[in-house]
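Subject: Structure handover

Hello,

Here is the structure for you to look over. My notes follow below it.

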Amino acid sequence: MLDGWIGRDTVFGYPIDDLLSYRTPKIVRIQDRWVGLADWTLRFAVIVFTVFILLIGQQGYLEFESVVGTVSARMSGGLHGLNISQIDYCEDKDCRFVDEHTIFVSGPSEKSLLVSTYIKEREQKRRCKEDAAVCPHMSPFFTEKEDAFYVAGVEKMQIVVEHEAMAPSFYSSYHNEKFRGGSSEMKGKLVSYRDDGTGRVRTVDLNDIDPTVGLRMTVEEVLDAAGLSLDKKLEGEKHPVRHTGAVINAHLRYSNTHTFLSPSSEMQYTVEFAPALNQGSQLASAYEPVGFGDARMMVKRTGIRIIFLQQGKLGCFSVVAFFQTLAAGFFITATTTWLMGQIVTRYIPLAERYEVAKYEYTENINNIRQSMNLMNDRVLEQGGRSVAAMLQRNDYGAVGQEMPRVAESAVRVESAAISRLASTGSLVAQQPPPMYPQQ
């Protein structure tokens with residue numbers, strides 16, 4: 001069925017020697033200053049990109065792993081003789097002194113907390129009995145008395161954050177402490193995305209964080225780093241942040257690639273406080289029922305909810321990553337070389353002559369082999385008859401003298417045949433059309 005398509009020397013009409021031809025690089029010197037300048041410019045650009053962008057800038061010799069970590073926070077500080085009569089926000093609203101145990105509320109996750117700035121207490125009584133079969137109200141309790149107040153001096157209370165991070169796979173593989181760090185060991189920076197004083201909005205370094213002190217900030221400093229204030233309103237709100245509360249994301253970013261020759265033996269981190277996209281009193285509040293039975297106290301705390309997000313990657317030297325980067329450089333080099341070949345052989349003056357010089361085809365070895373076998377068969381057939389006659393006469397001496405002449409004749413005839421085939425063009429494979437049509 002496939003006899004017409006697959007033969008000894010062809011596949012679907014194409015010579016096998018052409019399909020499986022071997023290509024070898026050929027150096028052709030094109031004496032054109034602009035072509036040479038373009039080529040050297042591209043080569044230099046590839047080297048600069050590979051070395052300074054991929055290897056150094058992107059640290060292409062490193063393997064990276066995302067960090068995992070833990071965060072814990074607590075409140076610290078005292079009132080230190082604070083006078084309520086001297087506090088502006090207490091002039092129009094009731095204020096009370098409370099300690100950190102009342103101010104601080106753990107969040108729904110271990111990486112969040114709530115600093116209370118406004119507390120509302122509701123004395124509630126039961127209106128549906130505990131053993132009632134049906135309660136026709138939204139809640140079995142109703143509010144009998146309500147009291148609300150601001151927390152005096154809360155902005156001066158300190159938030160103490162302890163955190164640690166590690167690259168789990170790197171640390172488990174090498175057990176090297178440079179892949180793990182805590183807030184008492186790492187240097188840090190407080191940064192903020194804001195106007196740098198010149199009208200440009202960018203990430204600005206605010207303070208260095210000493211590892212001996214750790215991440216310790218007052219509530220006022222946290223709000224300032226986030227660009228907020230307790231006495232200013234959020235967009236769309238009628239009351240200040242002290243009353244409505246706010247949600248702040250604290251981004252802890254870890255790295256060990258801050259030195260020129262990375263990775264560094266010491267981890268560092270930055271912390272950035274930024275307002276969350278979703279704001280609202282419900283998101284910045286926590287409810288706590290105190291007591292149960294026929295009466296209870298429902299305490300609603302509203303304030304600054306801080307959610308800690310640990311991010312970043314640690315780098316480790318990798319031979320595989322290094323050679324992958326080099327392979328990318330070689331690929332770019334090959335691509336630019338191919339691009340130059342396309343331009344030289346298609347679009348510039350003398351493109352046709354450059355194409356002829358660049359691409360060359362040899363004789364088809366299959367044609368040469370067939371021609372040589374055919375000539376050898378003919379010579380040996382003629383010489384074999386004379387030798388056979390000598391053997392019949394048992395004239396072995398004549399046979400010995402005849403064999404060299406037969407071999408010499410075969411070589412002479414074969415050479416003449418090859419020359420004749422070459423001169424007629426039957427020995428050369430059909431020259432393919434130009435690789436690129438001339439423009």
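Helices here are DSSP runs of H or I with at least four residues, numbered from the N terminus. Helix H6, residues 241–244, holds His243. Please keep in mind that this is a predicted model.

**His243**

Is His243 buried or exposed? His243 has a relative accessible area of 18%, and buried means under 20%, so His243 counts as buried. Leaving out residues up to four places away in sequence, His243 touches Tyr118, Tyr150 and Thr302. With Tyr150 there is also a polar contact, side chain to side chain, at 3.4 Å.

**Helix H2**

Helix H2 covers residues 33–57. Asp32 caps the N-terminal end of H2. A side-chain oxygen of Asp32 lies 3.0 Å from the backbone nitrogen of Trp34. Further along, H2 has a kink of about 25°, centred on Phe49.

Which residues of H2 are buried? They are Val35, Val46, Thr50, Leu54 and Leu55. An α-helix has 3.6 residues a turn, so residues three or four places apart point the same way. Have a look at the spacing of the buried set with that in mind. The buried residues of H2 pack against helix H7, residues 319–346.

After H2 comes Gln59, in the loop between H2 and strand E3 (62–66). Gln59 is buried, because its relative accessible area is 13%.

**Backbone exceptions**

Most residues other than glycine have a negative phi, and most peptide bonds are trans.

- Gln59 is not a glycine, yet has a positive phi of about 50°.
- His175 also is a residue other than glycine with a positive phi, near 50°. His175 sits in the loop between helix H4 (168–174) and strand E10 (180–182). At 58% relative accessible area, His175 is exposed.
- The peptide bond from Ser262 to Pro263 is cis, with omega near 5°. Pro263 is placed in the loop between strand E14 (246–255) and strand E15 (268–275).

**Disulfides**

How many disulfides does the structure hold? There are two. With bonded cysteines counted along the chain, the pattern is 1-2, 3-4.

One joins Cys90 to Cys95, with an S to S distance of 2.1 Å. The link of Cys90 and Cys95 is left-handed, at -100° about the S-S bond. Both Cys90 and Cys95 are buried.

The other is formed by Cys128 and Cys135, with sulfur atoms 2.1 Å apart. The torsion about the S-S bond of Cys128 and Cys135 is about 70°, so this disulfide is right-handed. Cys128 is buried, at 6% relative accessibility. Cys135 is partly exposed, with a relative accessible area of 31%.

Cys316 is buried, with a relative accessible area of 10%.

**Second largest pocket**

The second largest pocket has a volume of about 220 Å³. It is lined by 15 residues, and those closest to its centre are Leu190, Asn207, Arg216, Met217 and Glu221. Which elements give two or more residues to the lining? These are strand E11 (187–195), strand E12 (201–209), strand E13 (215–218) and helix H5 (219–225). E12 gives the most, with four residues.

Best wishes

How values were computed. Residues numbered from 1 in each chain as written. Predicted model: local features only at pLDDT ≥ 70, side-chain atom pairs only at ≥ 80, totals over all residues. Heavy atoms only, no water. Disulfide = S-S within 2.5 Å. Buried < 20%, exposed > 50% of the residue type's maximum accessible area, 1.4 Å probe, protein only. Bend = angle between axes of the 7 residues up to and from the residue. Contact = heavy atoms within 4.5 Å. Polar contact = N/O pair within 3.5 Å; in protein donor to acceptor, adjacent residues only side chain to side chain. 1 Å grid on protein atoms, 1.4 Å probe; cavity = no way out; pocket = protein on both sides within 12 Å on 5 of 7 lines; lining within 4 Å. Points joined across faces, edges and corners; volume = space filled by probe spheres on them.
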